[in-house]
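Please look at the structure shown here, and keep it in view while reading the report below.

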Amino acid sequence: MPSIASKRKLRSSATTPLPTTASPPTRKSPRRCTTATPNSVTTVVRKILTDENHIESCELESKSVRSRWNPKDGEQLRMVKEVLHLSTAPSTMVCREEEQNVVLGFCKGCVEHEKAGSLYICGCPGTGKSLSMEKVKVNLRNWAIEGGFSVPEVLSVNCTSMSNTTDIFTKILGLHKTLGKKDSGTPLKQLQNLYSHKSPTTNMILIVADELDYLITKDRAVLHDLFMLTTFPFSRCILIGVANAIDLADRFLPRLTALNCKPSVVTFRAYTKDQILRILEERLNELPYIVFQHQALELCARKVAAASGDMRNALSICRSAIEMLEAEIRDSACNLNTLEEKSSSEQNLPTAPDFVKKQEFDMVRIDHMALALSKTYRSPVVDTIQSLPHHQQIILCSSMKHFRGSKKDSNLGELYKSYAGICKSSLIPPAGIMEFSNMCRVLNDQGLIKLGQSRDDKLRRVTPKVDEGDITFALQGIRFFRNCLQ
């Protein structure tokens, strides 16, 4: 039978871990905020504005190894902008491993069997096509050296840089070191003759033609002849064409399809929200300090993925958000100097408030990102909303708040209650129901809301016609907008 001392020991050991595992309830709100759904942009904004201090503390806990940066330090600012610049190749390329493996496997098969072939890579701009090809070239060279194969010659050409479309045949011909007896024909004819007979040339040639659609001529001869080089019996060409058009091979190379020589196609799809967020984080992880709020990066990734999926836009918007932080720092310094001058000129006035002096600008916040996004994706709808009279803007705000969630439509009477509530919380006298109804008709005529038909104005159905994000970007600097988010 266990002794009383051993029982006490077991009881104490069972209870000691509890304080370390229990987490304070105040930590839960920011964690829910970081896992907000992609469609709840303004919900994220609202939670960030109200619980910003808790969120930043959570970020420091999860990334305690990295310190925050000092945007007033010119060297640190230069490093951040350089990491986010389009010309800076990331140390690791993520989210395109599957496409790279397909292209690399195709090239390995051609080198291993010394057989020519063609591949067409397509996808929207900014989806990592060119950067992936650079990675494939490096990996193919390393694989050939390790496997004891002859390292293929590589010709990378951007077709926009050529003054004449036929210059690409001259560049290919230049890679052949031992031509034997030189022909007097055109570079294309020389290549055709070379690939029609067995040649002492042993190395394969990898040709990566970026912006391939610039080779499209009126008779499509150049593009057709280029791909036909891979069909000759002794051809050494591995041709990879890169362009944006998905159906380029079908539209401009019909004869290749008839000859059963149509190139294989690899499609690079637009980046998703999660992929954009991961790529941004991979780039920023190369820095020894934290630059962005996680929610700011999420907002950028969500908006860019919804608009185009272009990674170049995401990088540009992040740099623009940093510029918004720089502008805020300059404005804050000017305001602080003004307050100190006033306090020194009038002895009975206190000095600048402590919260102004202690205000820190050490992170790009979600409001900086929202300003950068509105600057990039500024639309006629945003301009229209910003030019509306004050009360019509409040109506749009109330509709955004009223229809948030799964609710798709309502009536004027319910919308008026929401409108009056925002006016009351903002200390603005609300308009009467008749004037409110007339303002809704104006918004209906401008296509911002849709009104149904009814004999009683209060029972007319109301349906929103404007994206919630456009309203957020258009009105984020106005006083009553924060009340709309609460």
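This is a predicted model: local features need pLDDT of at least 70, side-chain atom pairs count only at pLDDT 80 or more; totals for chains, interfaces and linings use all residues.

Residues are numbered from 1 along each chain as its sequence is written, and side-chain values use heavy atoms, with hydrogens and water left out.

If a disulfide is taken as a pair of cysteine sulfur atoms within 2.5 Å, the count here comes to zero. Cys124, for instance, is in no disulfide, and the nearest cysteine sulfur, which belongs to Cys122, lies 9.0 Å away.

The table gives accessibility, where buried means under 20% relative accessible area, exposed means over 50%, and partly exposed lies in between (1.4 Å probe, protein chains only).

| Residue | Relative accessible area | Class |
|---|---|---|
| Cys124 | 39% | partly exposed |
| Cys237 | 2% | buried |
| Cys95 | 11% | buried |
| Leu427 | 76% | exposed |

Cys95 has a phi near 75°, which is a positive value in a residue other than glycine, and its place is the loop between helix H6 (74-83) and helix H7 (97-113). Helices here are DSSP runs (H or I, at least four residues), numbered from the N terminus.

Leu427, which is also not a glycine, has a positive phi near 60°, and this residue sits in the loop between helix H21 (412-425) and helix H22 (433-445).

Terms used:
Helices (H or I, at least four residues) and strands (E, at least two) are DSSP runs, numbered from the N terminus.
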